[in-house]
Amino acid sequence: MSRILSAVAWPYANGPRHIGHVAGFGVPSDVFSRYMRMAGHDVLMVSGTDEHGTPILVAADGAGVSARELADRNNRLIVEDLVALGLSYDLFTRTTAGNHYRVVQDMFATVRDNGYMIEQVTRAAISPSTGRTLPDRYIEGTCPICGAEGARGDQCDNCGNQMDPTELINPHSRINGETPKFVESVHYFLDLPALADALSAWLDEREQSGTWRPNVIKFSKNFLEDIRPRAMTRDIDWGIPVPGWEDQPTKRLYVWFDAVIGYLSAS
């Protein structure tokens with residue numbers, strides 16, 4: 001008998017999920033988990049609602065409620081639907097749970113104390129009308145590398161290059177079309193270049209064992225050629241507080257650092 005963690009994708013709580021979402025994240029993982037249980041394995045199937053980040057704030061503003069009220073409402077709807085469909089989760093939790101906060105903050109503090117979180121001054125994009133941070137993907141403009149229109153602040157889908165919002169030509173907000181204001185702000189960055197050699201060696205192992213497809217290996221190694229530190233905090237007042245920055249209530253951990261740790265905190 002083996003112990004198997006069935007880590008199911010976390011549905012985002014900015015609205016109810018539809019049957020297409022469930023067909024993608026719910027049914028395949030449920031079939032897999034049920035089969036493994038029938039085969040005699042000890043299975044833990046966990047997931048929950050992903051409830052932080054700017055899209056929640058945008059949806060809450062549109063609905064005239066607080067971010068917490070919107071997350072509570074959509075969590076309830078999603079849970080009711082998954083229960084009605086009979087999906088066999090051992091635990092379906094949420095990223096606003098106290099246990100999740102503790103695990104995420106502990107992991108951040110450990111990574112920071114081990115020297116892999118570095119403070120850097122960056123230029124944050126602010127919405128002039130709301131004063132809130134605009135996430136990279138909520139900013140569009142012309143790609144400075146290939147000239148394609150509609151490049152996002154994190155990546156140009158036409159040429160595949162990673163972007164910074166400040167690099168875009170004629171940047172504008174996808175929410176209301178306004179030109180963002182760029183201000184200096186201090187954030188913690190995950191020092192990915194310091195991990196590049198270890199990541200490259202890990203990818204070599206996958207390539208030699210044949211457990212990953214060649215195109216996936218190539219795609220991943222291409223990222224390592226121009227790997228940069230990535231911000232793990234944001235100027236936003238909805239999310240998990242940053243350890244050590246408790247006196248700065250408008251800074252929170254980046255939702256993508258927070259959410260993926262859900263598999264660990266839930267298990």
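The following questions and answers explain the terms that apply to this predicted model.

The model is predicted: local features need pLDDT of at least 70, side-chain atom pairs count only at pLDDT 80 or more, and totals for chains, interfaces and linings use all residues. Residues are numbered from 1 along each chain as its sequence is written, and side-chain values use heavy atoms, with hydrogens and water left out.

Q: Why are helix 2 and helix 3 called roughly perpendicular to each other?
A: The term covers angles of 65 to 115 degrees, whereas angles under 35 degrees count as roughly parallel, over 145 as roughly antiparallel and the rest as oblique. The axes of helix 2 (residues 54-63) and helix 3 (residues 67-84) cross at roughly 95° and come within 8 Å. Helix 2 and helix 3 are therefore roughly perpendicular. Axes are lines fitted to C-alpha atoms, for helices over the stretch in contact, and angles run from 0 to 180 degrees between N-to-C directions.

Q: What makes the contact of helix 2 with helix 3, and which classes do its residues have?
A: Contact means heavy atoms within 4.5 Å. Helix 2 contributes Ile-56, Leu-57, Ala-59, Ala-60 and Ala-63, while helix 3 contributes Ala-67, Leu-70 and Arg-73. By class, the contact has seven nonpolar, no polar and one charged residues. Here Ala, Val, Leu, Ile, Met, Phe, Trp, Tyr, Cys and Pro count as nonpolar, Asp, Glu, Lys and Arg as charged, and the others, Gly among them, as polar.

Q: Why is Thr-54 called buried?
A: Buried means under 20% relative accessible area, exposed over 50%, and partly exposed in between (1.4 Å probe, protein chains only). Thr-54 has a relative accessible area of 12%, so the residue is buried. Thr-54 is found in helix 2 and touches Thr-133, Pro-135 and Ile-236, not counting residues up to four places away in sequence.

Q: Why is Leu-5 called partly exposed?
A: The relative accessible area of Leu-5 is 44%, so Leu-5 falls in the partly exposed class. Leu-5 lies in strand 1 (residues 3-7). Beyond residues up to four places away in sequence, Leu-5 touches Leu-44, Val-46 and Ser-267.

Q: How do you know that strand 4 and strand 8 pair?
A: Two strands pair if DSSP finds at least two bridges between them. Strand 4 (residues 117-126) and strand 8 (residues 181-190) share ten bridges in the antiparallel sense. Within strand 8, His-187 stands opposite Gln-120. Strand 8 is also joined to strand 9 (residues 230-231) by two bridges, and these two run antiparallel. Strands (E, at least two residues) and helices (H or I, at least four) are DSSP runs, numbered from the N terminus.

Q: What makes strand 1 and strand 3 edges of their sheet?
A: The open sheet of three strands has the order 1-2-3, with parallel pairing. Strand 1 and strand 3 (91-94) each have a single partner strand, so one side of each is left without a neighbour in the sheet. Strand 2 (residues 42-49) pairs with strand 3 over four bridges.

Q: Which residues touch the most other members of the largest nonpolar core?
A: A nonpolar core is a set of buried Ala, Val, Leu, Ile, Met, Phe, Trp, Tyr and Cys residues joined through side-chain atoms within 4.5 Å. The largest has 15 residues, of which Phe-108, Met-117, Leu-253 and Phe-257 touch the most other members. Helix 4 (98-113), strand 8 and helix 7 (255-260) each supply at least two of its residues.
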